[in-house]
Amino acid sequence: MDNAIVNTLAKGCAALGIATDSASQERLLAYLELMIKWNRAYNLTAVREPQQMVTRHLLDSLAIAPFVHGQRLIDVGTGGGLPGVPLSILFPERECHLLDSNGKKTRFLFQVKTALGLDNMTVHQARVESFKSESPFDAVLSRAFASLQDMVDGCHHLLAPKGHFLAMKGAHPGEEIIAVEDRCQLEAVHSLVVPGLGEQRHLVDMTLR
């Protein structure tokens, strides 16, 4: 992997205050390499330039790490594995489930799990509305849902009592928050600074009423 990419990742993790050992950084870079390779055939992401992929995918996903709590996590509509794969690498002691309805994307994720030896990561191919889990989740994460209302409608059955919805957003979604305030308690809206990205990022943390 190009030295500039290695340095961007290392400096970005340091700026986020995230402690990553060399093994974790190697796995993150191996994931990036797999994404670049499979993207040609599977169209996993519109971002093609590796340096941008570090910023827009890896660091963007890792920026939420300080606010993710609980033992069982599920990333709904994970696509190419964001933020689920970076979090699986960062938190090997936690159960990370990645859910997507797209067969190509889940095949890619099975390859990532095998190649990187991510025993704590489980991949599911299903629509979120019909997906049933034996145990509920402490946190339901999303980077891809159109709105908070869609997230609550589609995922409320997955949440454990006192579990948290964690929705990754760009600009502060004030109107979306108002739309679900009768069903959800807003716990926090974290303003995120992603190293190298001059765009707004927010993480909305909600619980069911």
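Q: How much space lies in the largest pocket?

A: A pocket is an open set of points on a 1 Å grid over the protein atoms alone, where a 1.4 Å probe fits and protein lies on both sides within 12 Å along at least five of seven lines; points are joined across faces, edges and corners, and the volume is the space filled by probe spheres set on them. In this case the largest pocket holds about 290 Å³. The model is predicted, so local features need pLDDT of at least 70 and side-chain atom pairs count only at pLDDT 80 or more, whereas totals for chains, interfaces and linings use all residues. Residues are numbered from 1 along each chain as its sequence is written, and side-chain values use heavy atoms, with hydrogens and water left out.

Q: Which residues of the lining lie nearest the centre of the largest pocket?

A: A lining residue has an atom within 4 Å of a point. Of the 17 residues that line the largest pocket, His57, Asp60, Leu82, Arg143 and Ala144 lie nearest its centre. Two or more lining residues come from each of helix 3 (50-62) and strand 5 (159-169), where helices (H or I, at least four residues) and strands (E, at least two) are DSSP runs numbered from the N terminus. Helix 3 gives the largest share, three residues.

Q: How does the lining of the largest pocket divide into nonpolar, polar and charged residues?

A: Ala, Val, Leu, Ile, Met, Phe, Trp, Tyr, Cys and Pro count as nonpolar, Asp, Glu, Lys and Arg as charged, and the others, Gly among them, as polar. The lining here has five nonpolar, seven polar and five charged residues. For the second largest pocket, with about 160 Å³ of space, the division is six nonpolar, two polar and three charged.

Q: How many aromatic pairs does a search of the whole structure find?

A: A pair of aromatic rings is described by the distance of the centres and the angle of the planes. Rings of Phe, Tyr and Trp (its six-membered ring) pair if their centres lie within 6.5 Å, and planes under 30 degrees apart count as stacked, over 60 as edge-to-face and the rest as tilted. The search finds two pairs. The rings of Trp38 and Phe108 have centres 5.5 Å apart and planes at 55°, so this pair is tilted. Because Trp38 lies in helix 2 (residues 22-42) and Phe108 in helix 5 (residues 103-116), the pair ties together parts 70 residues apart in sequence.

Q: Is Trp38 buried or exposed?

A: Buried means under 20% relative accessible area, exposed over 50%, and partly exposed in between (1.4 Å probe, protein chains only). Trp38 is buried, at 19%, and Phe108 is buried, at 0%.
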